[in-house]
Amino acid sequence: MTEQLSTRHLLGIQDLTAEDIDLIFRTADGFKEVLARPIKKVPSLRDITIANLFFENSTRTRISFELAEKRLSADIINFSSSSSSTKKGETLIDTVNNILAMKVDMVVMRHPDPGAAVFLSRHVEASIVNAGDGTHEHPTQALLDAYSIREKLGKVKGVKVLIVGDILHSRVALSNIHCLKKLGAEVMLCGPTTLMPRHVESLGVRVEHDFDKALAWCDVANMLRIQLERQGSDGIANFPSLREYAMLFGLDMDRYRRTRQAAKGKPIVIMHPGPINRGVEITSEVADHADSIILAQVENGVAVRMAVLYLLAGRLGKTS
Amino acid sequence: MRPVTLLDSKAFGLTVTRLCHQLIEDHGDMANTALIGLQPRGVLLGKRLKKELQGILKRDSITYGALDITFHRDDFRQRSVTAAPSSTDLDFNLDGMHVVLVDDVLFSGRTVRAGLDALLSFGRPASVQLLVLIDRRFSRELPIQPDYVGRWVDSIADQRVTVEWQETEGKDRVLILPRASSTTERTAPKAPATDP
């Protein structure tokens, strides 16, 4: 009945054990129930101050973290790089240490550079929560994705999950692979060869470039966003046109119906981490279909983030 | 010190029945009253009271719920490990109801304080009362007193009062344990030899 996480920071799913993830999910169940109350707020973190540092744009994740913190009664400060002294040349450690000097206990950080959260955790005292570091990890997204699968299908173990799209640039994909593998799910990746990291099979996943075949295999399809801002960052386009990508790897109603009919009506749970490029990776019809749990993912995000913050706060100031 | 039996299963049953009659005295047919058990151990008493009240009143609709107080505790971060939550199950509207909070042992009063806090985030009950099976007197850290009491105990702080249930431990009884064995309290005491 009393347990704790094996880690003081949430830097990536890679550092968590299956027991940690299970504890986070059980705690999130409790918070989900809190969020259904008329008064959706508990006093657990009323003595904690949390800084949200967003060095990269974000709407959903920032709002979700902010709501989670407010519903735990934490004091929060928000910081985004557009209005900050990083523009004036201050280093990351200096920025964070200055904020911590004002007695901040936890830092939630999004940063464009992979490894920024790990780096910070080695140099500052506070508990660090990674809210996305470049193309590396986005652990809370993976947790809420797996939590949503568990909620919809009752389990994660043995579920066949297909992740489609820009695997190369996706921190969501990497965190999801680690999380789903730790929970015993089967994972398949699908996307153009140019957006598939080399040697990705070494993570214990299958790779399929034929979207129709992949779709026929899966119970859950997680349709990643095509990250337009990261395409062609090495000077070469990763695919010829959005239209061609949509034709080969986009999920539209035709393709969805055809696959369901071939599988005798077996539903496929549709997921998307947002924000959606409607008409590219997924059409509006499918995104708004009854089998889609896209909005449930967003809803669960708050409960899962509350669980993460609550469990990490429980370890603050303890040496063990 | 060996464990001392405070209530054996016969006295246990009589006590629960008496508590039910006391509730009926104050609340009549319990139509506008809700029993709410505090997780985890108050729930067992709450369910027992509900069952017994249904028998006495010949009604099968006693309003009953379970309340988890984990997130409202005031010792969060002072305990060595973080408490994981149990479930809350309140599927009725509290507004205007007479609520009886139910717990097994009242000691410092801090659990009840957290329970009140948690309860009030569900609505505005007409009144809130407290029912406990065991009241450990003279050990309160907050100004909280029960309205219905199964048995009063004057025990020293070092001792541990534990309530065992047919449903979980196989036998209804209340024991006073010395501190030494309290490391295995609650989850373990399946084994203690039958008392003299």
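In what order do the elements of chain B run from the N terminus on? They run β-α-β-α-β-β-α-β-β-β-α-β, where helices (H or I, at least four residues) and strands (E, at least two) are DSSP runs, numbered from the N terminus. The views below come from a predicted model, in which local features need pLDDT of at least 70 and side-chain atom pairs count only at pLDDT 80 or more, while totals for chains, interfaces and linings use all residues. Residues are numbered from 1 along each chain as its sequence is written, and chains are lettered from A and ligands numbered from 1 in the order in which they are written.

**View 1. Chain B as a whole has four helices and eight strands.** Of its 196 residues, 40% count as buried; a residue is called buried if 20 or more other C-beta atoms lie within 10 Å of its own, exposed if 12 or fewer, and partly exposed in between, with the C-beta atoms placed from the backbone. Two residues are in contact if their C-beta atoms, placed from the backbone, lie within 7 Å. Among the contacts in chain B between residues at least 6 apart in sequence, 66% join residues at least 24 apart.

**View 2. Helix H1 of chain B has a buried side and an exposed side.** This helix takes in residues 9-27, and its 19 residues reach 27 Å from the first C-alpha to the last, close to the 27 Å expected at 1.5 Å a residue; the expected span is 1.5 Å times one less than the number of residues. Phe12(B), Leu19(B), Cys20(B) and Leu23(B) are the buried residues named here. They lie on the same side of H1(B) because they cover an arc of only 100 degrees around the axis, the arc being that of the directions from the helix axis to the C-beta atoms. An α-helix has 3.6 residues a turn, so residues three or four places apart point the same way. On the other side of H1(B), Lys10(B), Leu14(B), Arg18(B), His21(B) and Glu25(B) are exposed. The cover over the buried residues of H1(B) includes helix H2 and several strands of chain B, among them S1 (4-7), S4 (98-106) and S5 (127-136). After H1(B) comes Gly28(B), with a positive phi near 60 degrees.

**View 3. Strand S7 of chain B is covered on both faces.** In this strand, residues 160-164, five of the five residues are buried. Arg160(B), Thr162(B) and Glu164(B) are buried on one side, and Val161(B) and Val163(B) are buried on the other. In a regular strand the side chains alternate between the two faces of the sheet. S7(B) pairs with S8(B) in the antiparallel sense over five bridges, and two strands are said to pair if DSSP finds at least two bridges between them. One bridge partner is Ile176(B) in S8(B), which stands across from Val161(B).

**View 4. In chain A, four strands form an open parallel sheet in the order S2-S1-S3-S4.** Strand S2 (75-80) and strand S4 (127-133) are the edge strands, each pairing on one side only. From one strand to the next, the twist averages 15 degrees, where axes are lines fitted to C-alpha atoms, for helices over the stretch in contact, and angles run from 0 to 180 degrees between N-to-C directions. Strand S1(A), residues 49-54, pairs with S2(A) in the parallel sense over six bridges. Ile50(A) stands opposite Ile76(A), and Ala51(A) stands opposite Ile77(A). S1(A) is mostly covered, with five of its six residues buried.

**View 5. His199(A) and Lys264(A) have positive phi values in loops.** The phi of His199(A), a residue other than glycine, is near 60 degrees, and this residue lies in the loop between strand S6 (186-190) and strand S7 (206-208) of chain A. His199(A) is exposed, with 6 other C-beta atoms within 10 Å. For Lys264(A), phi is near 55 degrees, and its place is in the loop between helix H9 (253-262) and S9 of chain A. Lys264(A) counts as exposed because it has 6 C-beta neighbours inside 10 Å.
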